[in-house]
Amino acid sequence: VPVGSAEEMRESISSPGRFGRNSRSVPPQQQVVPTGPRKSELTFRSQFANWKASRGIPATAKVFYCSKRRYPAFREAMLERGWIENEDKESLFFDFKYGDHGATPLHRLVATQAANTYGAIFSLSSKLGMTLSLKDCQRRCGTHSDQFFARSYHLKDVEERVRFLFEFRRTKAEAVLIQFLGHVDEVTKGTIDDEFLTFSRDVVTAAYRSCDKTSEDEVYRHDWTLLQAVDLDRPGFWRDVSPDEDSLERDIMTRRMNLHFAYSAAHRRGSQPGEAVINRMGSRKSGAPIGSFKDDPGWHLITKARSKLARLGSRDPQQCLNNGRNAWIVKPSSLSRGRGIKLMRNFKQMFEYASESDYRIMVQKYIEKPHIVNGYKFDIRQWVLVTSWKPLKVWMWRQPYLRFAGQKYDESLSDLHPHQHLTNNSIIHHMEGFGKKNDDLKGAKGYMWFLQDYQEWLHHQYCKSDCHSTPWLQAPPYTCEKFGINWEEIAFQEPPQENEEGQEQEENDEPEEAASNRATHGGKVAEGGRVGGEKAAEEGSGGGGGGGRG
């Protein structure tokens, strides 16, 4: 859909008309709506002019449509600028339409019309759509998504389930080797003694053979029988593996859509804790003292394990995500604001949770070794404004900000509470002490930082120079104080659960005193926001099309 430049759009929207905010809106009624494909833009202009004349609207007046419930601030701003509102959601008579995805038949617009929606917005705004788009990068751009996006799988798709099963097995085998070599290194450093219990030679050998397998054979099945029972939290001990887990994996391998394991009462009655493990493990040992690997066969196995991990790391850019815990993020494919997201490490539990929503679930490899600030995980919220899709024109807001988790990160992953692992303000603002100053985060409230706070922390953390020249370390340029806005009145207002089309919506959260450029209160646009946004925007092209997260 051809859309004008940002300057043209601002000029047209801000042009004053003879009708102020008290002008009457045109109610939805029987209207002459053109049907079928338009013959020409002139035909539409003629029909649009007749529509205006029949309602006493000046021919030069600008007409817009806006969802009253979802975008009251935008509606008020347009009325103040003299635009006329067409309240009919289905009408094609408008100059600009600000609505939800699916509300505008984009293929029927002419060059003089503009809309804020994109026909393929699903590819950018949903977790599933974005995952599919990023996986297509290699075909379109020559860059594999593994280079920059943690591996993700949609459990509704039968083939994706099989791929996820193999990846889960592979990363568990890799986790065994990572932990084992970590124990070897700790003995060398003297932090643990030779009696420390680690994985047995059978387990390490099975992990060595399985961590690069992508297909099933007899040796692989034998090795997985062993690795499936390994407890990553307690090296040297077996965990309980119920018959349900074997049944689930067999169902996935045979591409069965009906995963009946979660509903099979017979399976549940037959699952005795530890029974399957004892039967399948026999006399094989789960663990051994780390000192038992000091003989020649043990050192040879250690050398092979190091070589295998190094070789895999040279081919797999995502090996760095695994820190020996094999953790996965499980999240609904079409929800926002952290709703329904869980951190899980048990394969069967993931599918039990997915069955509750008809398997419309994404699973994504968890970054087990994240970059942390003073012990806290964080993400970077970057806003963009897309003013044209053809040609692509993207404006980036120069002031992204950081959002922190509510609790310090523990790399052992013994605690899977969302306050430690999720950075969504919609999740952690319910946490006790959220509004208090956090001394670990420079006294910040709300667990957020300006970009300038992060830059200063990076400098003090990593700069080793004796002489410092830091003209780029400056105070945040846009704060509520500068625009006379009371942060407490606009902070953390809960948006509706869904929009009119059932499409997901992200939360609008910003650092304390930094929301002035976009915040609304009582239907009014915060003063000074538009000016700050224009000054700080810079034009880009070709690259991004949506908000990115670090």
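Predicted model: local features only at pLDDT ≥ 70, side-chain atom pairs only at ≥ 80, totals over all residues.
Residues are numbered from 1 along each chain as its sequence is written, and side-chain values use heavy atoms, with hydrogens and water left out. Local features need pLDDT of at least 70 and side-chain atom pairs count only at pLDDT 80 or more, while totals for chains, interfaces and linings use all residues.

The second largest pocket has a volume of about 520 Å³. A pocket here is an open set of points on a 1 Å grid over the protein atoms alone, where a 1.4 Å probe fits, with protein on both sides within 12 Å along at least five of seven lines; lining residues have an atom within 4 Å of a point. The volume is the space filled by probe spheres set on the points. Among the 25 lining residues, D146, R151, Y153, E167 and R170 are the closest to the centre. Helix α7 (158-189) gives the most to this lining, with 7 residues, and β5 (152-154) and α13 (296-315) each supply at least two. Helices (H or I, at least four residues) and strands (E, at least two) are DSSP runs, numbered from the N terminus. The lining divides into 13 charged residues, 8 nonpolar and 4 polar, where Asp, Glu, Lys and Arg count as charged, Ala, Val, Leu, Ile, Met, Phe, Trp, Tyr, Cys and Pro as nonpolar, and the others, Gly among them, as polar.

R139 is found in helix α6 (residues 137-141). R139 counts as exposed (over 50%) because its relative accessibility is 61%.

How values were computed: Buried < 20%, exposed > 50% of the residue type's maximum accessible area, 1.4 Å probe, protein only.
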